[in-house]
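Please look over the sequence and the structure below before reading the briefing that follows.

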Amino acid sequence: MTGELQNILEINNIYASYSTSLRKLEFVLEDLSLVMKSGECLGMIGESGSGKTTLANLITGFIKPISGKIHFRGQEIQNLSLRQRIKQFNRGIQMVFQDPYDSFNPKMTIGKQLMEPLEIRKFLSNSEIEAKARYTLEQVGLSADYFSRYPHQLSGGQLQRVALGCALIVEPCLLIADEPVSSLDVSVQAQVLDLIIDLRKKFDFSCLFISHDLAVVYHLCDTVAVLNQGSIVEQGNVEEVFQNPQNVYTRQLISDSGYGD
Amino acid sequence: MQQDLTKAEYILKVEHLKVVSAQGAELVRDVSLKIKPGEIVGLVGESGSGKSISTMAIAGILPEGISIAQGKIFFNDRDITRISAQERCKINGNKIGIIYQDASQSLNPLIRIGRQIDEVLKIHTDLSPQERRDRVYGTMRAVNLSNVEKLAQRYPHELSGGQRQRVLIAMAIINNPELLIADEPTTALDVSVKSQIIELIKLINFSRKASVLYISHDFSTVKKLCDRVYVLYQGIPVEVGATEQIIKRPQHMYTKLLLESIPSPEKRGQKLLTMKARTRDYRGPAVNCLFAERCPKVFERCRQELPDMFKIDKGHQAACFLFDK
């Protein structure tokens, strides 16, 4: 659209809460602001309960904020329904979740599930959709015979590859990956990380990578934001933040992970 | 750390342990390991490597249908491979303390924390209720839980993940066990809590003189905690050595693969893996090196025979024909 340096995502003063009563309002996210540049891979780190997943759910529209604004490619999106989102953005926001076993319908073949996001969007013919699904399957490093298999026949790492495929098949501008490698074995995790690096080169997308594993974030991301108790306490270039953390909490987190030394 | 077979100086000695399922699948093929008093030994492997099953066999808590087919387990020189349930009950929770992986599933949701910890004492000691209560509170303080009187009245769901893990550790150590088995106690925890739990296990090892068998797939915690490490692949240890030997000078290609899988600052943004992707685990009897099809240095002999442990350095061994001299 406009200039190259456009911000793909702007979050301004977001408040979010799961409280049902207005009298006892407890904020999960409090006055959170975040800017993400187009094409960058932003790592979001923080302990459990810090609000990482809530933020992801806000951006994807699974929950609505109490106040504050979210701009995606310049357009306000915080109050759009999921259906409106699909209508308005051909290349929108896609998500990959933590547990690959919970992310798939056990009664649908892998191929069918890969095709579904395109079928909903209705801008390709059936044969085009299938061709694209097969191509995507190949891109995530799985052979063609996985197309007709069922989720239970695949390992966790293979399923996570398919999950990446399902997300990337619509060529999204922004991929939100919520702890995509946390439930995987180390060597499988390494495979999926290699794949993400590979796919970022092939499909051009920005990535919000949520993780509690600092080593993975350092490996993969360009910039990093540190979330603590619902607010971002530090944000910046990954190398700068890891080598010279300014915030007390960030310093603690980095020394606990043993990444400082 | 020289292995010395003449003296019976091991708190735990496992010899050629083989565990099979009812269908005949080999879950643990041939595990031998030794733990000296006061030692912290790590058992590292990915899922399916048989590390949890091995520890279940040691603790005598194998799930139904899974049984020990071969091998012996000695605890303090006594064979505990096939002892009765009553005998087992005298050991578990008393001489052997076990910390399970998932703290939220290991506690009874309907029973208050204090009573759950107390249960261990009730079964294994004949202390008076007052003495028991003191000891429960004392142990809870020893695992760095604060406000213990109040906490003892709580139910598991009212505690955080880190607190629950501490409660499990308290239950495991309350009878001052000689051996503490920790099955991935930090997997479900945050980084900061993780490093606290590691420090706590170190402290227990030091102050209570308990040997520790620490099971993990995570080299970063193993590096901080363990004296020696066994690397397990598909039910067979492929490399044994002091932690430093294993991490700084890994010899078996599988250990190298595991170590290169960990993102490090030097490899930032680069591809991590140089070896072949994991294939489906083979569960039949092992006739050749199980890592052969993924190994970049494979040669003819690897496809024909199963390698023994070959000595590399003092206390450092690897199951690879490259070291057969």
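The buried residues of helix H5 of chain A include A:Gly157, A:Gln158, A:Leu159, A:Arg161 and A:Leu168, where buried means that 20 or more other C-beta atoms, placed from the backbone, lie within 10 Å of a residue's own. This is a predicted model, in which local features need pLDDT of at least 70 and side-chain atom pairs count only at pLDDT 80 or more, while totals for chains, interfaces and linings use all residues. Residues are numbered from 1 along each chain as its sequence is written, and chains are lettered from A in the order in which they are written.

**Helix H5 of chain A**
- Because 12 of its 13 residues are buried, H5(A) is largely enclosed by the rest of the structure.
- Its buried residues pack against strands E6 (93–96) and E7 (174–178) and helices H3 (110–121), H4 (126–139) and H6 (186–202) of chain A.

- Not counting residues up to four places away in sequence, A:Phe209 touches residues including A:Cys41, A:Met44, A:Val217 and A:Leu220, contact meaning C-beta atoms within 7 Å.

**Contact between the chains**
- The contact takes 22 residues from chain B and 23 residues from chain A.
- On the side of chain B that touches chain A, the largest share, three residues, comes from H8(B).

Conventions. Two residues are in contact if their C-beta atoms, placed from the backbone, lie within 7 Å. Helices (H or I, at least four residues) and strands (E, at least two) are DSSP runs, numbered from the N terminus.
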